[in-house]
Amino acid sequence: MGDEKIRILAIETSCDETAAAVVENGRRVLSNVISSQISLHRTYGGVVPEIASRKHIEKIDQVIREALAGADVTLDGIDAVGVTYGPGLVGALLVGVAEAKAISYARGLPLVGVHHIEGHVSADYIEHPELEPPFLCLVVSGGHTELVIVEDYGVFKILGRTRDDAAGEAFDKVARAIGLSYPGGPQIDKLAKEGDPHSIVFPKAKIEGAPYDFSFSGVKSSVLNYLNQHKMQGKEIPRADLAASFQHAVVEVLVEHTMRAAEGFHMKHVAIAGGVAANQGLRSAMQAACERAGIRFYRPSPIYCTDNAAMIGAAAYYSYKKGVRHGWDLNAVPNLRLGEH
Ligand code: KG4
Ligand code: ZN
């Protein structure tokens with residue numbers, strides 16, 4: 001019993017990546033296949049939901065076949081199917097959910113629906129076998145900015161969230177304003193390395209009475225104002241300095257709030273997750289702050305930060321172990337709340 005191996009076929013289609021993975025016992029990734037649609041959406045400056053759904057339908061079978069082949073298993077070697085069922089784009093989610101239901105029905109396999117953010121958090125388990133709840137996790141993606149205590153596997157206490165834009169959304173909007181293509185986060189990250197983070201001072205939003213909440217619309221507006229003023233005066237935009245200063249302002253707030261929560265809740269383990277967790281500035285600033293405070297810091301490799309199915313397989317395993325099973329009525333829930341099953 002102790003060395004029983006549970007292999008989960010995991011599927012993720014909540015946004016613009018068609019992804020499938022095979023994960024053993026929640027932490028061992030046997031395969032991780034991601035078919036990105038980014039180049040298709042780039043023309044439009046963001047994700048077009050209708051295009052996303054259509055592409056998922058075209059790619060999903062092939063991606064799953066590759067994931068099984070990559071793990072050197074057939075469906076006979078799979079113990080359960082895990083799938084993201086929310087939050088996300090409803091048409092995109094539905095493709096993964098329908099596929100997962102079809103496979104589990106045809107094969108008589110248990111079906112485990114996964115919350116996308118629970119997946120992002122679980123990405124931290126993959127490369128850190130020693131990481132177990134409780135820990136504090138900052139989840140920063142294109143759609144979410146949440147500071148949560150992971151009390152147990154699948155059990156979350158939300159301390160704070162964004163009041164307006166998600167961190168990744170702010171990165172993408174600022175990138176677009178300075179002429180960088182979608183998704184702008186990675187490009188700001190790159191450009192920031194060539195600039196001076198202290199050359200332009202952008203405001204850090206504080207929300208009265210909500211020490212763990214975030215707001216990024218203020219810094220975004222300041223960047224836009226700065227750009228407008230420069231354009232009106234016919235001055236050249238110092239793009240690298242601007243990218244570095246903007247990134248610095250966002251990272252500083254993310255780190256400050258996280259460290260305040262770690263102190264306030266006596267957390268000795270701090271993790272980051274989500275697409276923005278791939279940001280080099282955030283990774284090094286958080287690492288340094290944790291070292292100063294004597295806290296252990298965890299972060300996924302960049303490939304497990306942005307959307308992927310391995311993280312869904314990790315999350316599905318712990319739900320599976322707890323006995324979570326979904327029925328054939330499992331539906332896509334675009335605004336699914338964290339901690340709901
Ligand atoms: O987690 P993710 O792949 O999708 C969502 O669940 O939203 O996150 C995508 C977001 C995008 O906004 C993208 O610009 C941002 O993560 N991102 C980054 C970096 N890599 C991805 N932001 C800043 N720096 C990066 N290196
Ligand atoms: Zn995501």
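This is a predicted model: local features need pLDDT of at least 70, side-chain atom pairs count only at pLDDT 80 or more; totals for chains, interfaces and linings use all residues.
The zinc ion (ligand 2) is coordinated at 2.0 Å by His116 through NE2, His120 through NE2 and Asp307 through OD. The four donor atoms around the ion subtend angles of 95 to 130°, and the arrangement is therefore tetrahedral. For comparison, the ideal angle for four tetrahedral donors is 109.5 degrees. Along the sequence, the donor residues follow the spacing H-x3-H-x186-D. His116 belongs to helix α4 (residues 116-126), whereas Asp307 sits in the loop between α10 (302-305) and α11 (310-321), so this pair ties together parts that are 191 residues apart in sequence. Residues count as buried when their relative accessible area is under 20%. His116, with a relative accessible area of 6%, is buried, and Asp307 is also buried, at 15%.

Glu146 is located in strand β7 (residues 145-152). Its relative accessibility is 9%, so Glu146 counts as buried. When neighbours within four places in sequence are left aside, Glu146 is in contact with Ile117, Cys137, Leu138, Val139, Ile158, Gly160 and Arg161.

Helix α11 has twelve residues, which at 1.5 Å a residue should span 16 Å; the C-alpha atoms at its ends are 17 Å apart, in agreement with that value. Eleven of the twelve residues are buried, so α11 is largely enclosed by the rest of the structure. Among the buried residues of α11 are Ala310, Met311, Ile312 and Gly313, as well as Tyr317, Tyr318 and Tyr320. Just after α11, Gly323 adopts a positive phi of about 95°.

How values were computed: Residues are numbered from 1 along each chain as its sequence is written. Chains are lettered from A and ligands numbered from 1 in the order in which they are written. Side-chain values use heavy atoms; hydrogens and water are left out. Donors are N, O and S atoms within 2.8 Å of the metal (3.2 Å for Na, K and Ca); water is not among the atoms, so sites may look incomplete. Four donors count as tetrahedral if all angles lie between 85 and 135 degrees; four count as square planar and six as octahedral if opposite donors are over 155 degrees apart and all others between 65 and 115; anything else is irregular. Helices (H or I, at least four residues) and strands (E, at least two) are DSSP runs, numbered from the N terminus. Buried means under 20% relative accessible area, exposed over 50%, partly exposed in between (1.4 Å probe, protein chains only). Contact means heavy atoms within 4.5 Å. The expected span of a helix is 1.5 Å times one less than its number of residues.
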